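Subject: Handover of a structure, with notes

Dear colleague,

Please find the structure below, followed by a summary of what was found in it. The notes begin with one interface and then turn to salt bridges and a strand arrangement.

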6 protein chains.
Amino acid sequence: MPYVNIKITKEGATKEQKQQLIEGATQLLVDVLGKDPTSLLVVIDEVDTDNWGIAGKSVTELRKQA
Amino acid sequence: MPYVNIKITKEGATKEQKQQLIEGATQLLVDVLGKDPTSLLVVIDEVDTDNWGIAGKSVTELRKQA
Amino acid sequence: MPYVNIKITKEGATKEQKQQLIEGATQLLVDVLGKDPTSLLVVIDEVDTDNWGIAGKSVTELRKQA
Amino acid sequence: MPYVNIKITKEGATKEQKQQLIEGATQLLVDVLGKDPTSLLVVIDEVDTDNWGIAGKSVTELRKQA
Amino acid sequence: MPYVNIKITKEGATKEQKQQLIEGATQLLVDVLGKDPTSLLVVIDEVDTDNWGIAGKSVTELRKQA
Amino acid sequence: MPYVNIKITKEGATKEQKQQLIEGATQLLVDVLGKDPTSLLVVIDEVDTDNWGIAGKSVTELRKQA
């Protein structure tokens, strides 16, 4: 029954990678807390690099400097 | 003043249905807790079926199997 | 399968009122979008009035002025 | 290390304005709480006006009436 | 730089289990997407069973029936 | 009408500091985007240091090592 929300920047995660995140997060809750996976929800948000900031700069800016 | 966030899969909810969710969620808080609706916010997030997992599978996969 | 998060100030909502919010939010998604309620999650967050602001003031302050 | 999430309606915020929100929110946490900005995250969500409700009406409707 | 939020019911997860959730979620993002863990945040919310609903019932009620 | 959520670790932020966060976040949205503050909500979540992870370790652990 847990709910997991994963926020990443929108930089080309594939359908397969997102399926792996869903499987991995579900398995983690089953393994660590013995949760029933039946109604265990995982929601992945992909956020534009203009809309994600670290240490006061957008990821768009950080990528340019890197 | 409450804040309600509704997350659904992006599968064609119409503008009218989203208006009904906004009205219904607002009315629920007014009815049950007597809240003033003036600054009562409702935000609906529509999530791609690749990005939503239940019981370890993406909704995209679950729809194929159904 | 939807997920609903309701944030209210922590001001004495009873167990019965919270049950009514859970039922009402679930029914709303069933009625408007025909969702299966089986893995429909509702999470209620009760937030201290010091930690909730409207129009730049905490609810604690607003309650004093009212 | 704090995490700040800013939700606004999707009505044309520019890249520069979003950069200002990231800088301002980061600086606020540094100024008020003395937080180290290094792993301070800011995520901006831009929400369709059909999907945002105030006082029971979508912002799309409210804009028409204004 | 990703952000992971894990919501579970407040039913006695230990400090060690929460550490395992933090490690596991961090490793998942490193393994699947090659993310740098440096500013990778994980936040665990423990929610009262009265405040968590599944299929229209609070977990408090569901535990009684089980 | 925007909604701002600030998550910090629960390490003694005072009522005054939280009021400053509410004022500052509200002013930021007014200054940058010209938003009407009337129904502008700010919610501060204070998270136990056991429940907050950075780079795979809980803040509780990181504080011990510091």
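Between chain E and chain A there are seven residue pairs in polar contact, both residues being at pLDDT 80 or more. A polar contact here is a pair of N or O atoms within 3.5 Å; within protein, one must be able to donate a hydrogen and the other to accept it, and residues adjacent in sequence count only if both atoms are side-chain atoms. On the side of chain E that touches chain A, the elements giving two or more residues are strand 1 (3-9), helix 1 (15-33), strand 3 (52-54) and helix 2 (59-65) of chain E. Helix 1 of chain E contributes the most to that side, with nine residues. Helices (H or I, at least four residues) and strands (E, at least two) are DSSP runs, numbered from the N terminus.

Please note that this is a predicted model, in which local features need pLDDT of at least 70 and side-chain atom pairs count only at pLDDT 80 or more, while totals for chains, interfaces and linings use all residues. Residues are numbered from 1 along each chain as its sequence is written, chains are lettered from A and ligands numbered from 1 in the order in which they are written, and side-chain values use heavy atoms, with hydrogens and water left out.

In the same interface, 26 residues of chain E are in contact (heavy atoms within 4.5 Å) with 26 residues of chain A. The two chains bury about 2,100 Å² between them, 75% of it on carbon and sulfur atoms; this is the accessible area (1.4 Å probe) lost on being put together, summed over both parts. E:M1, E:L28 and E:V32 supply 26% of the area that chain E buries against chain A, more than any other three residues. Salt bridges between chain E and chain A number zero.

Over all chains, the structure holds 30 salt bridges, each defined as a side-chain nitrogen of Lys or Arg within 4 Å of a carboxyl oxygen of Asp or Glu. One of them joins E:D50 and C:K15 (3.6 Å, N to O). This pair crosses between chains, from the loop between strand 2 (41-47) and strand 3 of chain E to helix 1 (residues 15-33) of chain C. E:D50 is buried, at 14% relative accessible area, whereas C:K15 is partly exposed, at 43%. Buried means under 20% relative accessible area, exposed over 50%, and partly exposed in between (1.4 Å probe, protein chains only).

Within chain D, the side chains of D:E46 and D:K18 form a salt bridge (2.9 Å, N to O). D:E46 lies in strand 2 (residues 41-47) and D:K18 in helix 1 (residues 15-33) of chain D, so the pair ties together parts that are 28 residues apart in sequence. D:K18 is buried, with 7% relative accessibility.

Finally, in chain F, strand 1 (residues 3-9) pairs with strand 2 in the parallel sense over seven bridges, where pairing requires that DSSP finds at least two bridges between the strands. F:K7 has F:D45 in strand 2 of chain F as its bridge partner. Strand 2 of chain F also pairs with strand 3 (residues 52-54) of chain C, in the antiparallel sense over three bridges, with C:I54 opposite F:L41. Six of the seven residues of strand 2 (residues 41-47) of chain F are buried, so this strand is largely enclosed by the rest of the structure.

Yours sincerely
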